[in-house]
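The entries below follow the order in which I went through them.

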Amino acid sequence: MNDFETVYLDDKTRKLVILDQTRLPNEITYLFLNDPKEIWEAIYLLKVRGAPAIGVSAAIGLWAILARERYSSKEQFFSRLHQMVEYLDSARPTAVNLSWALETMEQEALGHRDFSVDGILQVLHDKAVRIREDDIAMCKAIGEHALTLVKPGDGLLTHCNAGRLATVKYGTATAVMYLGQERGYHFHVFCDETRPLLQGARLTAFELHQAGIDVTLECDGMSASAMRKGLIQAVFVGADRVAANGDFANKIGTSMLALAAWRYHVPFYCCAPSSSIDFSTASGDGIVIEERKPEEVTDMWYQAPMAPRGIKVFNPAFDVTDHDLVTGIITEKGIARYPYDQSLRRMLG
């Protein structure tokens, strides 16, 4: 896995390059993109996924779109910039990193309004590269803080994919596992398969196994049994958006995992870079939850439908885990504890 790149900017082709995660684990395919519709669809169709990777892709993708076009005036450039920011932001409503990255890029351009269009494009190029580099540093810092919460030989559980495939390197929830692997902690990692899109089975199990980490795959409903048997000493999950009070949205099934951890007294940690903390959203009630197609539940992965034709399907992509079930929220700046509305603000200013 150390040879894989999840998302990067290719200066030779002036394109966003992503590893197509819909083809994993059986096929490794890279997509070179600078067309707005293709980039929007790559985000919407989960060819690139994970809040940090989406943010990095949006920043690089926005530059790639703007760099391929020609402008008759600076006003036309800024109009196109704003149009593309709004368009790309519509691809996924829950992951705050998407809107954060696009807003950051737009503000960077506006802050250099006196530059020529070519000069602004160079500024945006450099900013997109820095956003990518910052993601690597943030994930490693999250892992360093998380390592202080566990001991060698522990059993760790994660859900969905908050690994290096969801970021640029290390991941958020898996950073502790990668750093532990480097330092001889010999963790025993369990990962939920994560229905209905199987990100745990297709992605997390794939990347951890490729890295030589001791990983065991389980169905989502098996995690409580593993906790009851004493196989799990800590749970680490990612987040697509963390509200000001510590409620957070993550892949569907996370809240059930938190409830099981609470019942069996297993520490439950949310790992998120500061860009995923949304102080403008007071609680989880204000987080928009994306609803996806019913076919993901009834048809995907099967040769024939595995449910009655016409059956109604409830298919939210995420759920909200209440802050009182969370032992700690780990960011690159440290570990926040309850009450989160105070500790997060102190930590992140």
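**First sheet**

I looked up Leu-19 and found that its bridge partner in E3 is Tyr-30. I note that this is a predicted model, in which local features need pLDDT of at least 70 and side-chain atom pairs count only at pLDDT 80 or more, while totals for chains, interfaces and linings use all residues. Residues are numbered from 1 along each chain as its sequence is written, and side-chain values use heavy atoms, with hydrogens and water left out.

Strand E2 (residues 15–19) pairs with E3 in the antiparallel sense over four bridges; strands here are DSSP runs of E with at least two residues, helices are runs of H or I with at least four, both numbered from the N terminus, and two strands pair if DSSP finds at least two bridges between them.

I then traced the open sheet of three strands, which has the order E1-E2-E3 with antiparallel pairing. Its edge strands are E1 (7–10) and E3 (30–33), each of which pairs on one side only.

I found an open sheet of four strands in the order E11-E8-E9-E12, with mixed pairing. Strands E11 (277–278) and E12 (318–321) stand at its edges, each with a single partner strand, so one side of each has no neighbour in the sheet. Strand E8 (residues 241–243) and E11 pair in the parallel sense over two bridges, and Val-242 has Ile-277 in E11 as its bridge partner.

**Glu-296**

I located Glu-296 in helix H10 (residues 295–298). Glu-296 counts as buried because its relative accessibility is 4%, where buried means under 20% relative accessible area, exposed over 50% and partly exposed in between (1.4 Å probe, protein chains only).
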